[in-house]
Amino acid sequence: MAHSERHEELVAAVALGMPLGAERAEIEQHLRDGCPLCEELLVDFRQAASAFAAETRAVAPPAALRERILGSLPPARVPARRGDFAAWRVLAAAAVLLLFAVGLDDARLRRQREDLRSQSADLAGRLASTQIELAQRELRARVLESEDVQMLILGGHGPQPDAQGRVFWSPRAKRGVLVAANLAPLPTDRQYQLWVFLAGKPVDAGVFDADPAGKALFESKNFPEANAQNFAVTVEPRGGVPAPTGPIVLVGAPSQG
Amino acid sequence: MNLRRLDPDRALMARVEARDADALAALYDRHAGRLLGLAQRILGETGEAEEVLQEVFLFAWRAAASFDPTRGSVATWLLISTRSRSIDRLRARRPASRPEVRSLEELPEGPPGLQDVEGATVDREWERLCRNAVGELPEEQRRALELAYFEGLTHQEIAAKTATPLGTVKTRVRLGLMKLRDRLRPYFESGSHGP
């Protein structure tokens, strides 16, 4: 549908985080059909609305709060390596795109997702720049709640100390995507299985295979609704098991210190 | 003038992404006062506002890679995150416990002793521009946007609260944001907009 004032009203509501009910589907469809004007307005309106924050007075936070917050950061499990960040940023864009493209019954989008998937055979650093652009464009159009996306770094563990991974998830969308690298090849009767820790207990989030280069881009189809505390990947019999039995090869730091 | 080109937050975010806790501490020192002020304005002076601040910085630590500079500055990213978390909590409360929104004139002049906190916010020039832009809005547009921004009200709720037809409220919200955007857009950063 052509751009109209009504769309601008809906974009304004989205930018202000108003619950929209049935109108949400309408504006999402409009953005999906491709309206550069609304895409730009959404980004601009969100920034513009933040001008109201300048009406508030800064408040000196208690010193104890600073200690509590900075002391609660999960320790970094993966030592930073210069040069990796560009590749991870591409993976992040792809992961977040997958995160929000899930469940959309749209042929064009499904094709784009399949394209992204096929690239996952050689992921890090090799996604074409057009796909980065695509991911960013789709993000603007679709990720209406991008501030909701959380990320946790997973580090190699046990038999696979060099494995690396990141989980991106959205509590609101109840979706999660794992990107991983340096995973070891497995016998054909084995698969990797992702676990989400809820209240200290591992919950099955699905099984996946790594490509021959040891990389994986896995979108969890049954991501738990409750807030995830931590994630781990184990090696399990093909098809997965209800509770982890094999060695942990990737694990994140606990989210609460 | 492009304020954001001078934005030291961008370099800090890159370091946060590389898991540099000192960079997050620096971001905290630059923004915590403003963010806590916003959370308290929405939630009142409760422990909840401090919980929101904790969530926001944990989020910044975890999700630094999802920060997209084409969607706004680091400060805006943190403000949006603080505001949306605060509004979520506000909506979860009963309506009766909502703190009343106050307009700019009703607020006391800056509380004594907080000048140093304001001074720590390098974006004072940006904030001055924002205050001016908000101040230039027609009263009814500003009121509608304040109700949406600080109280998380929907079009329908604003219409009921201000005894205004729904269509008028929708127009006010749209026009108000459009005016703010036109006024501030020259200072937005990024490749696709801005000077």
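In this predicted model, helix 7 of chain B, spanning residues 139-151, packs against helix 8 of chain B, spanning residues 155-162, at an angle of about 125°, and the two axes lie 10 Å apart. Helix 7 of chain B is therefore oblique to helix 8 of chain B, and their crossing is right-handed. On the side of helix 7 of chain B the contact is formed by R143(B), A144(B), L147(B) and A148(B), which meet I158(B), K161(B) and T162(B) of helix 8 of chain B. Sorted by class, this contact of helix 7 with helix 8 of chain B comprises four nonpolar residues, one polar residue and two charged residues.

A helix pair was also examined across the two chains. Helix 4 of chain A (residues 63-71) packs with helix 2 of chain B (residues 21-43) at an angle of about 145°, their axes being 11 Å apart, and the crossing is right-handed. Chain A contributes R66(A), I69(A) and L70(A) from helix 4, while helix 2 of chain B contributes A21(B), L24(B), A25(B) and Y28(B).

The contact between the chains as a whole draws 49 residues from chain A and 64 residues from chain B. On the side of chain A that touches chain B, at least two residues each come from helix 1 (5-15), helix 3 (36-49), helix 4, helix 5 (84-101) and strand 1 (150-157) of chain A, and helix 3 of chain A gives the most, with seven residues. By class, the residues of chain A on this side divide into 32 nonpolar, seven polar and 10 charged.

Technical notes: Residues numbered from 1 in each chain as written. Chains lettered and ligands numbered in written order. Predicted model: local features only at pLDDT ≥ 70, side-chain atom pairs only at ≥ 80, totals over all residues. Axes fitted to C-alpha atoms, helices over the stretch in contact; angles between N-to-C directions. Helix = DSSP H or I, 4+ residues; strand = E, 2+ residues; numbered from the N terminus. Parallel < 35°, antiparallel > 145°, perpendicular 65-115°, else oblique. Left-handed = near helix turned anticlockwise from the far one by under 90°. Contact = placed C-beta atoms within 7 Å. Nonpolar A, V, L, I, M, F, W, Y, C, P; charged D, E, K, R; others polar.
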